[in-house]
Amino acid sequence: MALLNYDVLAKSGYNGYILRDAPEKIMQFGEGNFLRADYFFDVSNEKSGFNGKAVLVQPIASGLSDMINEQQGLYTLYLRGSEKGQKVDLKRVISSCSRAINPYAEKGWDAVLDLAKSPDLEIIVSNTTEAGIVYDPASTFEQTPPVSFPAKLTRVLYERWKAGREGLVILSCELIDNNGKELLSCVNKYIEQWKLEKDFAEWVNGKNIFCSTLVDRIVPGRIRDKAELDSLNKANGYEDNLLDVGEVFGVWVIEGPAELEDKLPFKRAGLPVHVVPDVTPYKKRKVRILNGAHTGFVPGAYLAGFDIVRDCMHNDTIRGFMNKMLYDEIIPTLPLDKKDLNDFAEAVQDRFNNPFVNHELMSISLNSTSKWRARNMPSFLEYVDEKKSLPPCLTMSLAAYIAFYSNDIQELTDKGLVCKREKNTYTVNDDRWVLEFYYAHRNDTPEALVHAVLTNTDMWGQDLTKVAGLEAAVVADLKKIRTDGAEAAFKSVL
């Protein structure tokens with residue numbers, strides 16, 4: 001079967017939107033599944049006349065540049081999931097990529113710097129993983145390329161400034177807080193370290209827009225089942241080594257000035273991309289609702305005998321527990337428009353019911369201690385502060401977390417804390433000191449265990465027994481989970 005390219009695609013009979021030639025308006029650091037699943041520029045070409053191509057820059061020495069260029073930048077994207085309870089499986093051939101550059105190859109870095117000087121260039125996008133935005137003093141101006149991503153970006157911007165070009169919009173998608181601000185901070189450190197011109201520093205900070213952004217889309221990535229992949233290639237009429245899969249839900253929130261919304265093509269294309277003055281509330285929405293829902297019900301659901309998220313959404317008790325936690329206890333503490341929050345929570349139910357993704361509860365349970373602290377404890381404490389009472393579902397979720405970490409402990413191994421549910425053992429994974437704590441308390445009574453957990457300030461940053469009534473409530477919930485089972489315990493708070 002022929003490898004996907006423009007001629008092969010034409011012969012395959014594909015009749016979707018394709019843009020073969022356009023100016024290279026985007027430099028994208030990162031060519032992995034995550035950014036390639038966010039097809040917003042491709043739709044903007046079709047819907048808003050953006051007429052722009054992206055050049056993908058490989059951020060590390062090993063990558064996909066050769067494969068991308070072999071397919072002339074084309075790849076097939078499947079967006080799969082559930083919308084309002086209905087199964088969705090959308091296919092689109094993405095043609096917004098012109099080529100890829102490996103800056104570690106011969107003359108590759110020169111190609112990046114040549115692109116930096118282009119009058120067509122308008123936007124830089126990056127996703128170089130959480131570890132990508134770091135200041136590394138070992139990165140030098142003379143390196144080809146410099147070691148760190150912010151150092152590479154500094155060189156790119158320097159070449160553009162020397163060429164007398166306009167500033168750029170820089171959209172950072174790395175999964176860290178204030179990603180755009182952190183990236184600009186690193187760039188300024190390299191300007192100082194490399195003793196670059198004052199006029200350049202003023203141009204970087206005054207003529208370029210560094211945006212912190214939040215991308216919310218689950219990307220399973222490549223299909224690993226060979227039979228399914230072969231079937232899709234056969235149906236498409238070509239072989240695609242870059243085939244990508246993302247969930248159908250997708251939102252991109254960009255922090256920037258209001259006029260940026262008209263400068264970028266997304267609003268005109270009707271896409272779920274929002275320019276806002278502060279991305280923080282939207283990150284809080286995602287962490288508290290999407291991630292908080294996971295951490296809130298997963299430990300208890302696993303003890304109740306469930307293994308994947310989708311099956312939990314088909315159980316009235318687990319789904320009801322999650323919804324009560326979201327709508328009655330978490331959403332009231334959040335600062336955004338309530339309709340927006342309710343719509344987001346409704347979409348979460350669809351996302352968790354994705355018929356194409358077997359999201360295992362055990363994978364979500366990794367590091368549940370720090371997750372409950374970051375995702376659920378703020379909602380819990382704000383609810384207590386506002387309502388002057390305990391939120392029953394969040395309180396139960398804390399008891400379920402303790403139950404999950406202490407359920408019939410068998411042994412502590414190099415791989416984790418081995419516990420047991422009715423039909424099998426399971427291994428809890430967390431920081432070693434957390435696992436050692438639970439192992440040391442494996443023979444405690446419920447009262448002693450709960451007291452030890454709630455007073456552990458290393459876990460929570462504070463003594464949670466100071467919250468009026470919490471210790472007694474968690475003890476009661478833990479006993480109910482151990483005596484009646486987790487599903488019955490969840491049902492008791494509905």
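This report walks through the sheet, the nonpolar cores and the aromatic contacts of a predicted model.

## The sheet

Let's start with the strands. Eight of them form an open sheet with mixed pairing, in the order E5-E2-E1-E6-E7-E8-E10-E11. Strand E5 (97-101) and strand E11 (273-276) sit at the edges, each pairing on one side only. From one strand to the next, the twist averages 25°.

Zooming in, strand E1 (residues 24-29) and strand E2 (residues 53-57) run parallel and are joined by five bridges. Across that pair, Met 27 stands opposite Val 55 in E2. Helix H7 (residues 179-193) packs on the sheet, where it touches strand E7 (169-172), strand E8 (209-216) and strand E10 (251-255). The direction of H7 makes about 140° with that of E8.

## Nonpolar cores

The largest nonpolar core has 78 residues. Those touching the most other members are Ile 289, Phe 297, Phe 352, Ile 402, Tyr 438, Trp 460 and Ile 481. Helix H17 (residues 392-406) is the top contributor to this core, giving eleven residues.

What does Phe 352 contact, leaving aside its neighbours within four places in sequence? The partners are Leu 290, Ala 293, His 294, Phe 297, Val 309, Arg 310, Met 313 and Met 322. There's also a second, separate core of 35 residues, with Phe 50, Ala 54, Leu 264 and Phe 266 among them.

## Rings and charges

The structure holds 30 aromatic pairs. Ring pairs tie Tyr 302, Trp 372, Phe 380, Tyr 401, Phe 404, Tyr 405, Tyr 426, Phe 437, Tyr 438 and Trp 460 into a cluster.

Two arginines are worth a look here. Arg 36 has its charged end over the ring of Tyr 75, 4.8 Å from the ring's centre. For Arg 442, the charged end sits over the ring of Tyr 439, 3.9 Å from its centre.

Technical notes:
Residues numbered from 1 in each chain as written. Predicted model: local features only at pLDDT ≥ 70, side-chain atom pairs only at ≥ 80, totals over all residues. Heavy atoms only, no water. Core = buried A, V, L, I, M, F, W, Y, C linked by side-chain atoms within 4.5 Å. Buried < 20%, exposed > 50% of the residue type's maximum accessible area, 1.4 Å probe, protein only. Helix = DSSP H or I, 4+ residues; strand = E, 2+ residues; numbered from the N terminus. Contact = heavy atoms within 4.5 Å. Phe/Tyr/Trp six-rings, centres within 6.5 Å; stacked < 30°, edge-to-face > 60°. Lys NZ or Arg CZ within 6 Å of the ring centre and 35° of its normal. Pairing = 2+ DSSP bridges. Axes fitted to C-alpha atoms, helices over the stretch in contact; angles between N-to-C directions.
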